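Here's a quick tour of the charged pairs in this one. Have a look at the model, then read on.

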Amino acid sequence: MKNKFVETSNVKRFQTALSALEARGAEEACLVVIDGSPGVGKTTTLRQWVAQTGSVYLRAKKEWTPSWFINELLDAMRVHPPHSFQKKFGKALEELALRQQSAAMERRQFGLVIDEADHVSSKSAILETIRDLSDIIELPTILVGMGRVNDHLARFPQVASRVSQKVRFEKADLADIKALIAERCEVPVANDLAEFVLRVSQGFNREVLEAIANIERFGLRFDYDATGITLGDMAGQVIVNDRRSSQPVKVPELL
Amino acid sequence: MKAPGEIPTALMQALFGGVCLTIDELDASVDLNRRQISAAAGQLVLRGLAERVERGCYQLTKAGIAAVERGEVITSGPYRPHTAPARRAAANTLRQRAWNAMRMSGTFTLADIVMAAAQASDGDPDANVKRYVRQLALAEYVVELPVRGKGTALTSNGFKRFRLIKNTGPIAPVARIRSKTVHDHNLARQAP
């Protein structure tokens, strides 16, 4: 399988949201919420964005307090934390602002990414700290969750009003599946097989990649024609493991 | 309002007699208040032009006497070469982006890192990242995990999985191939 990052419709929506954030009207609205089920490509997309931009990435913990959060933030930037919370907050602001400034000079995006934000999206103290950081230096802050962040934020209107962009990562559609196959699979795949992959994977990227690996394994020792590997060619072969039952799903012999 | 450096210059000239003068004596002889005298004396000591003989008592050093004889005027600005390591923005290289991706990942395979870090302009990102991770592993920044990820090819032994154990900071350590060492700009030192 080729190691290539594929711009699916989710990635495009994410990039559009970030572009819209840069051209925002209310300057204090710097929060972006990304939601979606596990396995739809949130982490892969964020990892690529953080790697390319050098942004600060934190994984929220269930028991986070504002002080713990700021300590982790300073640690991520390799800054020795001062003693009092007030000084820690000031230091974090200063360091983030420096990095933001340096990114702006290089015309590169920069932000703070907080993954697993479901853990903190119902805690007002942390949210207020994040909002303050984001507001004071107009720092794009991306909260990544698994579907509950928006619901939780509705309880805090002062924070919810700062969310300028909401991106919901959806399951892949046929166009996404075809793009993933075209970019990552080392053998050509016919349309009927791509449609079957969509059906058995239910649009989850993890399953799609598993299917691509299986198609490739089969295709590299099969004499396929110009249309690529078809559904008929792969009859009887395992294509993916079912997410819920963990049972292997085979391509049917007769359709 | 006095010009920058005017106060320490005035104090330096007042101390020219060569004997140790207390703040009380200086307060009586120069047109400066005690706080200004104390701050200016501190500046002279920092520059090596004066020394504190005992608490609240200052006298010029040889360098200080020579400076007054030369008619030197203390100005604002640096008084010694700036030797601290320059804080430069990290270059946007494949290895820097790969390091960014490793820092945010728990465990990772080479494919994960290449996908996150590579750009269209990179020559051979797979080989480059592989060499880089190998150097980091030799320098004990990265450990290889005992269980491999499932491979995709028919005869694959699986993908090696790694974990970053020494996350020293935002700047990617530089792998020096010939000396088989890694230089870490975050720590300003070399790892074996």
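## A pair across two helices in chain B

B:Asp24 and B:Arg34 join their side chains in a salt bridge, at 2.5 Å from N to O. For the record, a salt bridge here is a side-chain nitrogen of Lys or Arg within 4 Å of a carboxyl oxygen of Asp or Glu. B:Asp24 sits in helix 2 (residues 23–29) of chain B and B:Arg34 in helix 3 (residues 34–46) of chain B, so the bridge ties together parts 10 residues apart in sequence. Helices are DSSP runs of H or I with at least four residues, strands are runs of E with at least two, and both are numbered from the N terminus.

As for exposure, B:Asp24 is exposed at 52% relative accessible area, while B:Arg34 is partly exposed at 42%. (Buried is under 20%, exposed over 50%, partly exposed in between, with a 1.4 Å probe and protein chains only.) B:Asp27 joins in too: B:Asp24, B:Asp27 and B:Arg34 are linked in a salt-bridge network.

## Other bridges

Over all chains, the whole structure has 14 salt bridges. One of them pairs A:Lys61 with A:Glu72 at 3.3 Å, N to O. A:Lys61 is in the loop between strand 2 (56–59) and helix 3 (66–76) of chain A, and A:Glu72 is in helix 3 of chain A, 11 residues apart.

Back in chain B, B:Glu72 bridges to B:Arg70, with the closest N and O atoms 2.4 Å apart. B:Glu72 is partly exposed at 30%, and B:Arg70 is exposed at 56%.

## Ground rules

This is a predicted model: local features need pLDDT of at least 70, side-chain atom pairs count only at pLDDT 80 or more, and totals for chains, interfaces and linings use all residues. Residues are numbered from 1 along each chain as its sequence is written, chains are lettered from A and ligands numbered from 1 in the order in which they are written, and side-chain values use heavy atoms, leaving out hydrogens and water.
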